[in-house]
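Welcome to this short tour. Please get your viewer ready, and we will go from stop to stop.

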Number of protein chains: 2
Amino acid sequence: MSLVVVGSVAYDGVETPHGKVDRMLGGACTYISLAASYFTHVKIVAVVGEDFHPEDHNLLESRGIDLAGLERVPGKTFFWAGVYSQDMNDRTTLTTDLNVFATFDPKLPEHYKDQPYVLLGNIQPALQRSVRQQMNATRLICGDTMNFWINDFREELLETIRHWDVLLINDSEARLLSGVSHLGRAAERILEMGPKVLIIKRGEYGAMLFHRGGYFSLPGYLLDQVFDPTGAGDCFAGGFMGYLAEQGVDPTQAGGMDSKLLGRAVVYGSVMGSFCCERFGVERFRSLTRKEIDQRFEEFRHFTSF
Amino acid sequence: MSLVVVGSVAYDGVETPHGKVDRMLGGACTYISLAASYFTHVKIVAVVGEDFHPEDHNLLESRGIDLAGLERVPGKTFFWAGVYSQDMNDRTTLTTDLNVFATFDPKLPEHYKDQPYVLLGNIQPALQRSVRQQMNATRLICGDTMNFWINDFREELLETIRHWDVLLINDSEARLLSGVSHLGRAAERILEMGPKVLIIKRGEYGAMLFHRGGYFSLPGYLLDQVFDPTGAGDCFAGGFMGYLAEQGVDPTQAGGMDSKLLGRAVVYGSVMGSFCCERFGVERFRSLTRKEIDQRFEEFRHFTSF
C-alpha cells in the first residue's frame with residue numbers, strides 16, 4: 001500500500017531574509033515524498049542528471065522511499081533559484097534551468113502500477129494525465145497545479161483534473177481557475193469540474209477544504225520563525241495524502257471520505273508545511289520525528305479548540 | 001450585571017460594490033451595544049445632536065439598551081462617510097464631521113458605576129481613561145483603539161491600556177503598537193504593556209487571542225456575500241464581551257479566564273461580526289435572533305472540528 005509521487009527533483013538556490021543557500025536539494029517530488037514518508041511507504045517517479053549527488057540519493061533512501069522510478073539521464077538536474085521578499089509572501093525567480101527535466105516523460109515501473117494512491121506534483125497537465133493512464137485500476141488521485149498551466153494550458157488542465165479526486169491549489173489559483181473571486185463560490189465551480197475534494201492553501205492564514213458535504217477551515221500555525229517557505233505547499237500535500245494513505249482510505253470511495261478524516265489530513269498537511277519552513281530546504285527532515293509531528297498535531301487541536 | 005459601552009453614535013454614509021446609503025445609523029457604540037444586547041444587558045455612554053432620529057433611539061431601546069447615558073446636545077450628530085474598494089479590504093474616508101462628538105466628555109450616570117463590565121470603543125485614550133476612573137471598583141475593562149492613537153497619542157495610549165484587561169486591535173495595529181512584525185512576538189510585547197488578553201482581528205482570515213496561558217486561533221466565516229463591512233470589528237467586540245458578561249466571569253479575575261471560555265467568546269465575536277456584514281449598516285440587527293446566533297456558533301464548531 002504505497003503512495004506514488006510524481007514531480008520534480010531539483011537543485012534550488014534560495015535567498016530569504018534569514019540567509020542564502022546557492023545549491024541544495026529541492027523540487028516538488030522531493031518535498032512531497034519526504035513529508036509523506038512519515039505516514040506511508042512512498043515510491044517516486046522523477047528524473048535527475050549526472051550531477052545528482054549520492055548524499056541526496058541517500059537522504060531519500062534513508063526515509064524508505066522507493067527510487068526505482070528515479071531516472072538518471074545524461075545532463076544536469078533541474079535547477080531553480082529565487083529570492084523571497086522581506087515578509088516572504090512574494091518571491092522572484094532568478095533562474096529556471098529545466099535541464100533534464102525539459103524532456104521528463106514519467107514512466108512507471110511495473111510494481112508501481114497497482115498502488116492505491118497517487119500524488120501528482122505540479123508538472124505539465126499532459127504528463128500528469130499520462131501517469132494516471134499508466135496506473136492499472138481506480139486509484140485515489142491527488143494533484144497540484146499552478147497559474148502557468150491554468151492560464152496557458154487551460155483546456156488540457158481541465159481535461160486532466162476532471163479525473164482527479166483531490167485538487168490542491170492556493171487561493172489566487174482557485175480564483176484564476178474558477179473566474180470567481182468569492183472562495184466559496186470558486187470552490188463550488190471547481191468541484192463541478194471533476195475533483196471530489198478541493199484544498200485551498202492560504203499560506204500563513206491556513207487552509208480550507210471543500211467537498212460535497214461542506215467545508216473545513218484551519219488557521220495557520222504561528223511559527224517562531226519562517227526561515228524558508230520553499231516546499232511548504234508540497235509538504236502540505238505530502239502530509240495530507242500520506243495521512244489518508246496511512247488511514248487506508250478506500251481509493252474507489254474518495255467522494256465519500258468522512259469530513260473529520262479529511263480535516264485531520266488537512267491538519268497533518270499543515271503540520272508538515274510548518275516544519276518545512278523551520279529550516280532551509282529539506283534540512284528539517286534530517287532530524288524530524290513522527291513524535292514531533294504528532295505533538296504539533298495536538299498543538300493544532302489545542303489552539304483551535306473552544 | 002450590565003455591560004457599560006462607551007463610544008460614538010453616528011450617522012454614516014457608506015458605499016460598497018453592492019450599493020450606497022447616504023445616511024444611516026452607525027458608530028462604534030451603536031454596533032457594539034446592538035451586538036452585545038443579544039447576550040447581556042447594555043448601558044451606553046455617548047452623545048448625539050438634535051438631529052438624532054426617534055426611530056434610531058427606538059431601535060436601541062427595542063434591544064433593551066439603557067440610554068440614560070446617551071446625552072443629547074445642541075448641534076449635529078457625528079457624521080462619517082466612506083467608500084470601500086472592490087474587494088472591500090480597503091476603505092477611503094470621504095467625510096468626517098465630528099460635530100457634537102468633538103467635545104464628547106463621557107459622564108457616567110450613577111447607576112452605571114457599579115457595573116462589572118466595561119467596553120471602551122475607539123475614542124481618545126484620555127476619555128477612555130476618564131471612564132475607567134469614574135467606575136467605582138475593579139471592573140473588567142475591554143478596549144479598542146486605532147492607528148491614529150497609536151501613532152500620535154502613544155504615551156497617553158500606553159498609560160491607558162496599562163490598566164485594561166482586554167485589548168482588541170487588528171493585525172496592522174498590533175504590529176504598529178509593538179514595533180514587531182511577527183504576530184506572536186508582537187502579542188508578547190503587548191501583553192507586557194498591561195492587557196491580560198489581546199485579541200487580534202484579521203478580517204476575512206479570522207481572529208487570534210493571546211493570553212499568558214497561550215493562544216487561540218479561529219478562521220474566518222465564509223459569508224455568502226459581504227454587503228458592508230462597516231461595524232464588523234465593533235460587533236466582534238460586542239459579541240466577545242457580551243458573551244463573557246453572560247457567562248458572569250469574575251471581573252477581578254480577568255487574568256485567570258479559562259482558555260476555552262475565551263475561545264468561545266472569540267467565536268461569538270466572529271459570529272456577530274459576520275452577521276453585521278450581511279446587510280448595510282445595522283440592518284441585520286432588526287431581524288437577527290439569538291437562535292440564528294447560536295446556529296452560526298454551531299456552524300463554526302462544525303467547520304473547524306477535526
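A residue is called buried under 20% relative accessible area, exposed over 50% and partly exposed in between, with a 1.4 Å probe and protein chains only. This is a predicted model, in which local features need pLDDT of at least 70 and side-chain atom pairs count only at pLDDT 80 or more, while totals for chains, interfaces and linings use all residues. Residues are numbered from 1 along each chain as its sequence is written, chains are lettered from A and ligands numbered from 1 in the order in which they are written, and side-chain values use heavy atoms, with hydrogens and water left out.

**Stop one: a salt bridge in chain A**

Select Asp165(A) and Lys196(A), which form a salt bridge with their closest N and O atoms 3.0 Å apart. The term stands for a side-chain nitrogen of Lys or Arg within 4 Å of a carboxyl oxygen of Asp or Glu. This pair links distant parts of the chain, 31 residues apart: Asp165(A) sits in the loop between helix H5 (154-161) and strand S10 (166-170), and Lys196(A) in the loop between helix H7 (183-192) and strand S11 (197-201). Helices (H or I, at least four residues) and strands (E, at least two) are DSSP runs, numbered from the N terminus. Is Asp165(A) buried or exposed? Asp165(A) is buried, at 5% relative accessible area, whereas Lys196(A) is partly exposed at 27%.

**Stop two: two pairs in chain B**

Now pick Asp66(B) and Lys43(B), whose side chains meet in a salt bridge of 3.1 Å, N to O. Here strand S5 (residues 66-72) holds Asp66(B) and strand S4 (residues 41-48) holds Lys43(B), 23 residues apart in the chain. Asp66(B) is buried with a relative accessible area of 16%, and Lys43(B) is buried with 7%.

Next, show Asp22(B) and Lys20(B), another salt bridge, at 3.2 Å from N to O. Both of these residues are exposed.

**Stop three: two helices in chain B**

Colour helix H3 (residues 125-134) and helix H5 (residues 154-161) of chain B, which pack at an angle of about 25 degrees with axes 9 Å apart. Axes are lines fitted to C-alpha atoms, for helices over the stretch in contact, and angles run from 0 to 180 degrees between N-to-C directions. Zoom in on the contact (heavy atoms within 4.5 Å): Pro125(B), Ala126(B), Gln128(B) and Arg129(B) in H3(B) meet Glu156(B), Leu157(B), Glu159(B) and Thr160(B) in H5(B).
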